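Please consult the sequence and the structure while reading.

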Amino acid sequence: MSFDGRDGLRLSGWLMLPATPPQGTVIALHGCGGLYATAGSRKGELNARHQAMGDMLVDQGYAVLFPDSFTSRGVHEICTQRIGARALGQTERRRDVLASLDWVAAQPWADARKVALLGWSHGGSAVLAATDATRRDVMAEPLRFATAIAFYPGCSAALTSGYRPDTRLTVMIGADVPNGVHPGQGVHAGANPAARAQAYERVRALLRQAFDRPHV
């Protein structure tokens, strides 16, 4: 599927809907590696991380929209690009998020009061960028996310800009172990099934709380 973006381009995306009317909608933002698997049997489809989260959310009765900030701009990934040299940054990601929110709110199956934002890594930073009350384009929006969840975002830009969230924000990030504390160990990289299960349960709890609380 596709919809109009804020940069005069057509944004592509991946939409997952439950079998019954959605109890809310989650806009989920990919990281620097993009939305899709690039090799193996899943090539061209949602990668395993996005598929697992999407399946879990749909099982909970939520619609899930994965906007693709890369493909429409001819970009495959930016993980291998130096951060300071990336042509696609949080300004573009923020605009894509706001366009996604507009699109969801216009759908007959959606409740504009029950839309959450979630993202990983570069997408987690986009969660911060799109909920920043110091940004004029964010505050100009008539809609607000019911809640926002950022998995291990880069926080340096938010810390230097005076970031203030315009909604309830939860950041999920593991403990950092710099080499100066434990030389040669660094941080853990790889799957952690127990931590993933805990994170998924927390996401479910946060969404229940956000979507079930009264709106005024």
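In this predicted model, helix 1 touches helix 6 through Arg49, Ala52, Met53, Met56 and Leu57, which meet Tyr200, Val203, Arg204 and Leu207 on the side of helix 6. By class, the residues of this contact of helix 1 with helix 6 are seven nonpolar, no polar and two charged.

**Helix 1 and helix 6**

- Helix 1 covers residues 48-59 and helix 6 covers residues 193-212; their axes come within 11 Å and cross at roughly 45°.
- The crossing of helix 1 with helix 6 is right-handed.

**Helix 2 and helix 3**

- Helix 2 (residues 90-105) packs against helix 3 (residues 122-130) at an angle of about 70°, and the axes lie 9 Å apart.
- This angle makes helix 2 roughly perpendicular to helix 3.
- Helix 2 and helix 3 also form a right-handed crossing.
- From helix 2, the residues Gln90, Arg93, Arg94, Val97 and Leu98 take part in the contact, and from helix 3 their partners are His122, Gly123, Ser125, Ala126, Ala129 and Ala130.
- The contact of helix 2 with helix 3 comprises five nonpolar, four polar and two charged residues.

**The second largest pocket**

- The second largest pocket holds about 500 Å³ of space.
- Its lining counts 24 residues, of which Gln90, His122, Ser125, Gly154 and Ala157 are the closest to the centre of the pocket.
- Helix 2, helix 3 and helix 5 (156-161) are the elements that each give two or more residues to this lining.
- Gln90, His122 and Ser125 also belong to the contact of helix 2 with helix 3.
- The lining of the second largest pocket divides into 11 nonpolar, nine polar and four charged residues.

**The largest cavity**

- How many cavities of 30 Å³ or more does the model contain? The count comes to one.
- The largest cavity has a volume of about 30 Å³.
- Its lining is formed by Leu98, Leu101, Ala130, Val138, Glu141, Leu143, Arg144, Phe145 and Asp166.
- Of these lining residues, six are nonpolar, none is polar and three are charged.

Notes. Residues numbered from 1 in each chain as written. Predicted model: local features only at pLDDT ≥ 70, side-chain atom pairs only at ≥ 80, totals over all residues. Heavy atoms only, no water. Axes fitted to C-alpha atoms, helices over the stretch in contact; angles between N-to-C directions. Helix = DSSP H or I, 4+ residues; strand = E, 2+ residues; numbered from the N terminus. Parallel < 35°, antiparallel > 145°, perpendicular 65-115°, else oblique. Left-handed = near helix turned anticlockwise from the far one by under 90°. Contact = heavy atoms within 4.5 Å. Nonpolar A, V, L, I, M, F, W, Y, C, P; charged D, E, K, R; others polar. 1 Å grid on protein atoms, 1.4 Å probe; cavity = no way out; pocket = protein on both sides within 12 Å on 5 of 7 lines; lining within 4 Å. Points joined across faces, edges and corners; volume = space filled by probe spheres on them.
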